[in-house]
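Please work through each task before reading its solution.

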Amino acid sequence: MLKSTETSMDNIHWQPRFSATDLDQNKIIAEIMSHRDQRPPPTENYSDPVVTHICEALRHAIHQKKRILLYGDYDVDGTMSCVLWIWFFQAIQFDHYDFYIPRREKGYGVHLDVIQDYVRTASCQVVITMDTGVTAGAVANWCHQNQVLFIVTDHHEVQPDKLPKSGLVINPKLSHNRDYDNLCGAGITYLVIDALIRHSHFMLPATFYKDALTITALATVCDVMPLSGGNRRLVQNGLTFFAESTRPILLALRERFCRGAPEVTDFSFRIGPLINAAGRLADATLVVKGFTQDQHPQSLEHNIQELIAINHQRKNLSTRILHEAELILQESPHLLEYPLLFLGHENWHPGVLGIVAGRLAEMYHKPTWLFSLNKDKQEWIGSARSMPQKPDNNKSFDLLDAMVSAEELFHRFGGHKSAGGFAFPEHHRDKIFHQLLTYSNNIYHQYAELWQVVTSYDCELSSPQISDSLAKAIAQLQPFGHGYEEPVFLIRGHLARCDYYHNKNTGKPGHTALFLHISSDSQSPNTFDNPKKVIFFNQLIQPTDAKEHQVKCLVHMRWSLFRSKWRMELIGIKVHLSPGGG
């Protein structure tokens with residue numbers, strides 16, 4: 001019935017959140033909002049006493065011109081956290097700092113040999129970690145013994161036995177204030193810098209705060225943090241300030257990648273992947289330098305082109321590894337009988353395994369571990385991703401807890417419930433698999449529904465309900481993202497025709513437009529209005545039987561600017577074709 005380059009037709013159960021029968025537009029919007037997290041932003045500043053101690057220590061360090069080492073992770077969150085500190089130091093004309101972003105092959109986490117090198121060769125007396133460090137207990141102990149102030153700003157899950165006992169640690173998961181529990185690393189960095197500015201009475205222009213909030217919003221979106229409470233307001237403000245910024249790097253990114261007013265998707269699908277690609281395949285230092293050093297237009301253009309090229313390489317690698325992983329599963333179908341995927345290959349590039357693991361976890365709806373062999377260290381290194389959490393279910397498969405169950409077998413691991421990184425000795429592969437399998441089986445027996453593939457949508461719409469005014473009203477609910485999902489609607493009808501649009505890069509058909517006669521009255525399903533267009537990007541949908549024209553689609557409804565005109569668009573997500581009454 002359907003051929004597609006994507007898994008567009010499936011036997012997934014589509015489950016509505018509410019019925020829109022006889023509901024007017026206002027009631028539909030009210031129902032949509034009632035099914036999303038409406039927690040208000042926090043009304044007070046982050047009240048962790050550790051922040052006060054950090055501010056006083058850094059005020060003293062800046063006044064005494066002590067050398068500060070900024071140590072960040074290599075993803076968007078870590079690099080933007082580093083950029084925040086450098087922008088702040090530049091604004092107060094403080095230049096006694098270094099920054100270090102490890103290359104991915106060095107491995108995730110704070111490496112003691114790096115800290116020792118900067119202390120001995122650059123005379124660093126203060127270390128600030130960003131988006132990492134909450135498991136760096138051994139490093140903290142060394143710093144304490146050598147009179148180096150060790151400050152951790154991190155948001156990852158805490159492992160009590162590895163938590164730094166020396167130094168100063170700021171992590172919302174250690175606080176009783178749950179309002180800030182979903183901050184990313186850059187969000188924590190922004191709070192600390194803001195507190196430091198107020199504590200030390202620095203005078204900074206409003207543009208500093210606006211630009212800082214812009215890249216904090218970028219990190220929040222790209223680290224897939226829930227867009228509720230304080231994060232929601234942060235991202236709303238960040239998008240607004242991004243549209244106004246005149247800082248050269250932000251201006252260059254906006255002009256290159258935003259098609260109109262900045263949106264969440266500009267961060268998540270256009271700008272974020274470029275930044276992440278540098279850390280995955282090359283050196284994330286390129287990103288930090290691009291945001292903080294030579295801001296001449298030609299230099300910025302060169303840097304952006306370099307990131308685009310790296311990201312293109314990342315896409316090709318991801319496609320190849322995904323294909324090879326699927327071949328492994330085809331050749332060894334018994335692997336699909338397990339409640340998890342645990343796959344490794346000697347020649348897979350570790351920099352893209354997180355992306356591919358996420359794709360596989362979504363495709364097979366199973367927690368997925370992918371890893372590659374580092375022959376020099378004789379260890380497997382990789383990434384893990386959990387299957388997508390159901391929006392209406394608070395339960396999820398906890399990857400970190402799964403790895404904790406086998407912690408004595410790993411060299412190192414970290415992350416949170418839905419994503420993580422790890423490394424283990426070459427000879428521990430089978431032992432770790434069996435331990436993770438035991439853990440997964442236990443969770444499956446308790447919460448089998450986590451493995452059930454259920455796609456939730458908001459409601460079914462009839463043809464009169466699909467209107468410009470509803471699309472405009474939905475647009476007012478933005479920003480959408482993790483934890484505050486964009487509304488999804490079911491529409492059904494007869495297929496009038498099917499058109500294809502060419503992919504600009506390949507010159508071949510790459511997108512499908514289905515034109516549907518949709519029922520104009522839920523009580524009279526055979527009454528139809530003019531056909532509605534549903535566009536499926538990057539999917540080739542080919543009806544193979546002219547008689548099979550009953551169509552059900554899950555769609556987003558958007559109010560979009562196209563060729564200087566605003567219009568309502570239906571963006572296809574999933575489609576099901578069936579004979580007869582469907």
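**Exercise 1.** Does Phe 424 count as buried or exposed, and at what relative accessibility?

*Solution.* The model is predicted: local features require pLDDT of at least 70, side-chain atom pairs count only at pLDDT 80 or more, and totals for chains, interfaces and linings use all residues. Residues are numbered from 1 along each chain as its sequence is written, and side-chain values use heavy atoms, with hydrogens and water left out. Buried means under 20% relative accessible area, exposed over 50%, and partly exposed in between (1.4 Å probe, protein chains only). At 0% relative accessibility, Phe 424 is therefore buried.

**Exercise 2.** Classify the ring pair Phe 208 and Tyr 209, then the pair Phe 342 and Phe 424.

*Solution.* Step 1: rings of Phe, Tyr and Trp (its six-membered ring) pair if their centres lie within 6.5 Å; planes under 30 degrees apart count as stacked, over 60 as edge-to-face and the rest as tilted. The whole structure holds 27 aromatic pairs.

Step 1: the centres of Phe 208 and Tyr 209 are 5.7 Å apart with planes at 75°, so this pair is edge-to-face. Phe 208 is buried at 4% relative accessible area, whereas Tyr 209, at 23%, is partly exposed.

Step 2: Phe 342 and Phe 424 are stacked, with 6.3 Å from centre to centre and 20° between the planes. Phe 342 belongs to strand S7 (residues 341-345) and Phe 424 to strand S11 (residues 419-425), so the pair links parts of the chain 82 residues apart; helices (H or I, at least four residues) and strands (E, at least two) are DSSP runs, numbered from the N terminus. Phe 342 is buried, with a relative accessible area of 10%.

Step 3: ring pairs join a cluster whose members include Phe 342, Trp 380 and Phe 424.

**Exercise 3.** What is the strand order of the open five-stranded sheet, and which strands stand at its edges?

*Solution.* Step 1: two strands pair if DSSP finds at least two bridges between them. The order is S3-S2-S4-S5-S6, with parallel pairing.

Step 1: strand S3 (97-100) and strand S6 (168-170) are the edges; each has a single partner strand, so one side of each lacks a neighbour in the sheet.

Step 2: six bridges join the parallel strands S2 (residues 67-72) and S4 (residues 124-130). Tyr 71 has Thr 129 in S4 as its bridge partner.
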